[in-house]
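Please keep the structure open while you go through these notes. They run from the whole chain down to single residues.

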Amino acid sequence: YLADALAQTNPETAQLALALRLSSQGLLQELQREQRLLLEPPRSAEWADAASASRWIEPAQVAAALPSDGALIELKRYLDPAQIPQDSTKPLPWQYRTYVLRPDASLKVVELGPAARLEPLIRKAYVATAEQLSDATELWQDVSAALLSPLRAAIPDAQEWFLVPDAGLHQVPYQALMPEHRIRLLTTGRDLLRLRQNPGEGGTAPVVAGNPAISNNLPATAAELRGVAQLLRVSPVAGRAFSTRSLKAINNPRIVHIASHGYWDEASAKEARPGMAVPATDPMLRSGIVVSAAESGSQAEARFNAADFLTLKLNKTELVTLSACSTGLGDLHDSEGIYGLQRGVQVAGARSVLTSLWPVDDEATADWMLRYYKYLTSGRSRSDALVTVQNDFRQHNNVSWRHPYFWAGWQLVGDWRSIQGL
């Protein structure tokens with residue numbers, strides 16, 4: 001934390017602090033992804049590029065990948081060692097700041113203030129949204145004023161923001177709060193170097209799956225699956241066919257769309273199954289989606305967790321959509337982001353993932369997803385399609401669905417561009 005503490009007063013130290021973050025943020029996730037590439041013969045050109053890449057990333061390398069009106073915005077929670085109280089019973093004085101990198105490699109450090117001020121604002125707005133309270137929009141405006149207004153003032157000419165959240169700032173629906181900007185969410189600023197590479201040829205037909213055969217079914221999900229499958233020109237995998245076995249059989253489809261129940265167990269880890277080489281305390285066991293049980297005719301549910309997603313073959317997959325409750329949540333870890341479904345999908349190789357920040361409504365989600373894929377298959381980029389659907393919902397014919405609970409929680413992380421050939 002020393003480099004972060006000195007970054008405000010020393011430009012060279014600020015460059016060092018950003019280089020440290022670019023080189024370390026999400027590094028374990030990247031190493032896990034490279035291990036997956038190594039284990040899947042034949043070794044691809046992508047694996048060769050990853051194996052030869054330097055682990056140390058200079059800000060100038062990332063700046064060169066930015067568009068002329070772009071900015072990399074690295075949000076960072078840090079602690080000044082000199083401010084740590086000697087009394088261990090007192091809370092640590094965490095602070096937030098942003099490292100803003102421009103295409104000319106110039107760097108600004110923007111202070112955002114104490115975590116004790118920002119995080120309660122975010123939590124209050126989040127709870128109000130999840131509970132569909134009438135003041136949710138106003139509370140998110142308070143978050144925007146505290147978190148985003150200082151950035152707007154610091155970079156008024158930047159229209160394309162490549163934003164990397166940290167710690168408690170992961171629960172902010174950035175793309176919904178800033179429709180006037182082109183927001184691209186990344187796990188690490190280093191992703192700009194990886195994503196500018198051509199994904200290469202390949203990728204099998206899209207997979208559209210969900211609506212498990214369980215007692216607690218989702219009526220609108222069946223219509224969602226049929227509609228998305230029709231737009232992608234495939235047949236859906238649903239009912240008892242939607243199982244652990246069918247998901248394990250996935251082999252690099254260009255798109256994966258899964259619509260089911262989602263879960264995130266914040267309180268405790270699930271027990272590891274016999275033979276699973278993952279500790280029971282692993283947070284990757286606490287989030288997942290519900291699938292059909294293996295027993296023929298059973299309406300019991302089975303679970304496919306984030307650790308299971310790590311084993312899927314998604315190296316040539318452009319987009320994974322997890323259309324279920326709370327699929328974007330997980331345990332927050334310094335320098336590694338969220339441990340949950342999003343991480344499982346990214347380690348498995350997918351270039352982008354669409355997830356939800358909170359529990360979602362079945363019928364509204366079906367409407368949202370059908371609009372999204374309609375825009376996506378018409379040639380719009382992944383991020384433009386998302387913003388367009390959000391704008392649709394702001395003026396939805398169903399007035400109750402204009403509340404941000406129904407549309408603002410969907411977030412796209414990773415590649416923001418269009419998917420060719422849909």
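1. Surface. Accessible areas here come from the Shrake-Rupley method with a 1.4 Å probe, and for residues only the protein chains shown count as cover. The accessible surface of the protein chain comes to about 17800 Å². Carbon and sulfur atoms hold 52% of that surface.

2. Ground rules. This is a predicted model: local features need pLDDT of at least 70, side-chain atom pairs count only at pLDDT 80 or more, and totals for chains, interfaces and linings use all residues. Residues are numbered from 1 along each chain as its sequence is written, and side-chain values use heavy atoms, with hydrogens and water left out.

3. Confidence. The predictor's confidence in each residue is its pLDDT, from 0 to 100. The protein chain has a mean pLDDT of 88, and 84% of its residues reach 70 or more. Treat one stretch separately: over residues 269-279 the pLDDT is below 50. Beyond near neighbours in sequence, that stretch still has 21 contacts in the model. Contact means heavy atoms within 4.5 Å.

4. Overall make-up. The protein chain has 16 helices and 16 strands. These are DSSP runs numbered from the N terminus: helices (H or I) of at least four residues, strands (E) of at least two. Of the 422 residues, 56% count as buried. Buried means under 20% relative accessible area, exposed over 50%, and partly exposed in between (1.4 Å probe, protein chains only). Among contacts between residues at least 6 apart in sequence, 73% join residues at least 24 apart.

5. Cores. A nonpolar core is a set of buried Ala, Val, Leu, Ile, Met, Phe, Trp, Tyr and Cys residues joined through side-chain atoms within 4.5 Å. The largest has 96 residues. Which of its members touch the most others? They are Leu 147, Trp 161, Tyr 174, Trp 368 and Tyr 372. Helix H15 (residues 362-377) gives the most to this core, with seven residues. A second, separate core of 19 residues includes Leu 18, Val 62, Leu 101 and Val 109.

6. Leu 147. Set aside its neighbours within four places in sequence. Leu 147 is then in contact with Leu 75, Leu 112, Leu 118, Leu 169, Val 172 and Tyr 174.

7. Six of the seven residues of strand S2 (residues 95-101) are buried, so S2 is largely enclosed by the rest of the structure. Strand S1 (residues 70-78) pairs with S2 in the antiparallel sense over seven bridges. Two strands pair if DSSP finds at least two bridges between them. Ile 73 has Val 100 in S2 as its bridge partner. On S3 (residues 107-114), seven bridges make an antiparallel join to S2. There, Tyr 99 stands opposite Val 109. S2 and S3 form a hairpin with five residues between them. Ala 105 in the turn has a positive phi of about 75°.

8. Is S10 (residues 287-292) largely enclosed or open? Six of its six residues are buried, so S10 is largely enclosed by the rest of the structure. Strand S9 (residues 262-264) pairs with S10 in the antiparallel sense over three bridges. S10 and strand S11 (residues 301-305) run antiparallel, joined by five bridges. Val 290 stands opposite Arg 303 in S11.

9. Tyr 263. This residue is found in strand S9 and stands opposite Gly 288 in S10. Tyr 263 is buried, with a relative accessible area of 10%. Leaving aside neighbours within four places in sequence, its contacts include Leu 285, Ile 289, Phe 304 and Cys 325. The C-alpha atoms of Tyr 263 and Leu 341 are separated by 9.8 Å, although the two are 78 residues apart along the chain.

10. Thr 317. Look in the loop between helix H13 (306-309) and strand S12 (319-323). Thr 317 counts as buried, at 0% relative accessibility. A polar atom of its side chain lies 2.6 Å from the backbone oxygen of Pro 253. Leaving aside neighbours within four places in sequence, Thr 317 is in contact with residues including Asn 252, Pro 253, Gly 349 and Arg 351.

11. Positive phi in loops. Ala 167 lies between strand S4 (160-164) and helix H9 (174-177). Its phi is near 50°, a positive value in a residue other than glycine. Ser 326 is found in the loop between S12 and strand S13 (330-333), with phi near 55°. Ala 167 is buried at a relative accessible area of 10%. Ser 326 is also buried, with a relative accessible area of 10%.

Methods: Polar contact = N/O pair within 3.5 Å; in protein donor to acceptor, adjacent residues only side chain to side chain.
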